[in-house]
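Please keep the sequence and the structure in view while reading.

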Amino acid sequence: MTAPAWDIFCAVIDNYGDIGVCWRLAHILRHDHGQSVRLIVDDLDALKLLVPAAQSSARQELHGIDVRHWTTDFPEVSPADAVIEAFGCALPASYVQAMRARTQHQAQPMWINLEYMSCEDWVPGVHGQISMLAHGLKKRFFIPSLLPGCGGLLREKNLLAERSAFITPPERQKAWCAQWNIPLPSASSLTLSLFAYENARLGALLTSLSHAPRAVTAYLPQSRLLNSLRATLNRPELQAGDTLQLGNLQLHIIPFLPQAEYDRLLWLCDINFVRGEESLTRALWAGKPFIWQIYPTDDQAHHAKLEAFLHAYAADETAEHLAHLHALMRDWNHIPDVCVAEFYASLLALQAACAWYTRRMEQVAQRPELTQQLLAWANRAQNQVAIPPPTGYNAAPK
């Protein structure tokens, strides 16, 4: 049997960002570009949460993608033409040996270390660099980013058209809410989605929203932030399907949505609280204001990563709503000496500038998309042509 064009290896560390990115990449390669893809993942339960049709089997075809369970006794398989090692997960020794054996009679597979998204200063100097390994193979580093000369972001070809069709007319939103048993937002309310890790600032946010001068509707998908909600309200029994009325805030706890439906929740809301890498990218493509909770690290390195993202995303503009955006993200991520006095007022400033976030989305969409760049790398590698940095970047909107 001919080996597929792409092998994607994914080790699920915690949460669902790793598998979320890998599944979306596999899906875009297969359905937008007609590529043959094999996804090799060590945690099928994590995949099933994102893609309910997934099964607990060693091998399955899922949406046209060959999905394999990555176990300690990894079977011998023929390497693909392009091999993605997602987030430094370390390929099985037997697979690396198979890549070495292939080089004796075929071109070496293009081995790519797909890194986490970053906008830090070091990224342009590392993206695209090659590491020569002791066993004679070479590995190229690919880093998603908003910065010029880097890997861009994942986006389906038809995503923005689907977004426009969902936002207008409102009947589509009503039908989607009915399909997933999600209550419609209250009329004229400020509507939020709250997807986050545990966060000690949730209580202050809820207090502010409950005292807002207008109705607020919030959706909290069943996730780690639900732990904080239970602790804040001393309500350990809270679960998906519950609705709370806290002053002017109506808070709906909803199930964890499949990956294919999460975008529509973001499109439904005025402002989105998101976490990690996968949902950050989807929030940006929603064209709405968003508050990002970056994955926390013990050494506080995530603070510098957050600042770098804010710098790249807002491009040093001085508009008032961006000052609110910076303060909200820093507070939500526990940056020292940053405390938003009134969450509701700051969120309202973001909503008033929603057109800016749509323009920013459109400008980022003009840049080279991540999958297209990977395909260009693969084509050039097969033809032994040097891989230049991407072009076509634009400044942030004025």
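**Helices, sheet, salt bridges and cavities**

Helix α9 lies across the strands β9, β10 (216–221), β12 (249–254) and β13, and runs at about 140° to β13. The model is predicted. The points below begin with the sheet, then turn to salt bridges, to cavities and to one residue in a strand.

**The sheet and the helices across it**

- Six strands form an open sheet, in the order β11-β12-β10-β9-β13-β14, and their pairing is mixed.
- The edges of this sheet are β11 (243–246) and β14 (290–293), each of which pairs on one side only.
- From one strand to the next, the twist averages 15°.
- In general, the strands of a sheet pair through backbone hydrogen bonds, in either a parallel or an antiparallel manner.
- Strands β9 and β13 (residues 271–275) run parallel and are joined by 3 bridges.
- Within β13, I271 is the residue that stands opposite L192.
- Helix α10 (residues 278–286) lies across β13 and β14, and its direction is at about 160° to β13.

**Salt bridges**

- The structure contains 15 salt bridges.
- One of them joins the side chains of E162 and R264, with a distance of 3.4 Å from N to O.
- Because E162 belongs to helix α5 (residues 159–167) and R264 to helix α9 (residues 259–268), this pair ties together parts that are 102 residues apart in sequence.
- E162 has a relative accessibility of 32%, so E162 counts as partly exposed.
- Another salt bridge is formed by R201 and D331, whose closest N and O atoms are 2.7 Å apart.
- This pair also links distant parts of the chain: R201 is in the loop between β9 (190–194) and α7 (202–210), while D331 is in helix α12 (residues 320–332), and the two are 130 residues apart.
- Both R201 and D331 are buried.
- In the salt bridge between E237 and R235, the closest N and O atoms are 2.4 Å apart.
- E237 counts as partly exposed because its relative accessibility is 43%.
- R235 counts as partly exposed as well, with a relative accessibility of 32%.
- Salt bridges also link R24, E156, D263, E278 and R282 in a network.

**Cavities**

- Searching the whole structure gives 3 cavities of 30 Å³ or more.
- The largest cavity holds about 110 Å³ of space.
- Its lining includes V21, R24, L114, M117, P144 and L153, and the residues L154, E277, E278, T281, R282 and L370 also line the largest cavity.
- Two or more residues of this lining come from each of the elements α1 (17–31) and α10.
- Helix α10 contributes the most to the lining of the largest cavity, namely 3 residues.
- R24, E278 and R282 are among the residues that line the largest cavity, and these residues are also among those linked in the salt-bridge network.

**A residue in strand β4**

- Where is D66 placed? D66 is found in strand β4 (residues 65–69).
- Is D66 buried or exposed? D66 has a relative accessible area of 16%, so D66 is buried, the limit for this term being under 20%.
- Which residues are in contact with D66, leaving aside its neighbours within four places in sequence? They are V37, R38, L39, R59 and Q60.

Definitions and conventions. Residues are numbered from 1 along each chain as its sequence is written. This is a predicted model: local features need pLDDT of at least 70, side-chain atom pairs count only at pLDDT 80 or more; totals for chains, interfaces and linings use all residues. Side-chain values use heavy atoms; hydrogens and water are left out. A salt bridge is a side-chain nitrogen of Lys or Arg within 4 Å of a carboxyl oxygen of Asp or Glu. Helices (H or I, at least four residues) and strands (E, at least two) are DSSP runs, numbered from the N terminus. Buried means under 20% relative accessible area, exposed over 50%, partly exposed in between (1.4 Å probe, protein chains only). Two strands pair if DSSP finds at least two bridges between them. Axes are lines fitted to C-alpha atoms, for helices over the stretch in contact, and angles run from 0 to 180 degrees between N-to-C directions. Contact means heavy atoms within 4.5 Å. On a 1 Å grid over the protein atoms alone, a cavity is a set of points where a 1.4 Å probe fits but cannot get out, and a pocket is an open set with protein on both sides within 12 Å along at least five of seven lines; lining residues have an atom within 4 Å of a point. Grid points are joined across faces, edges and corners, and a volume is the space filled by probe spheres set on the points.
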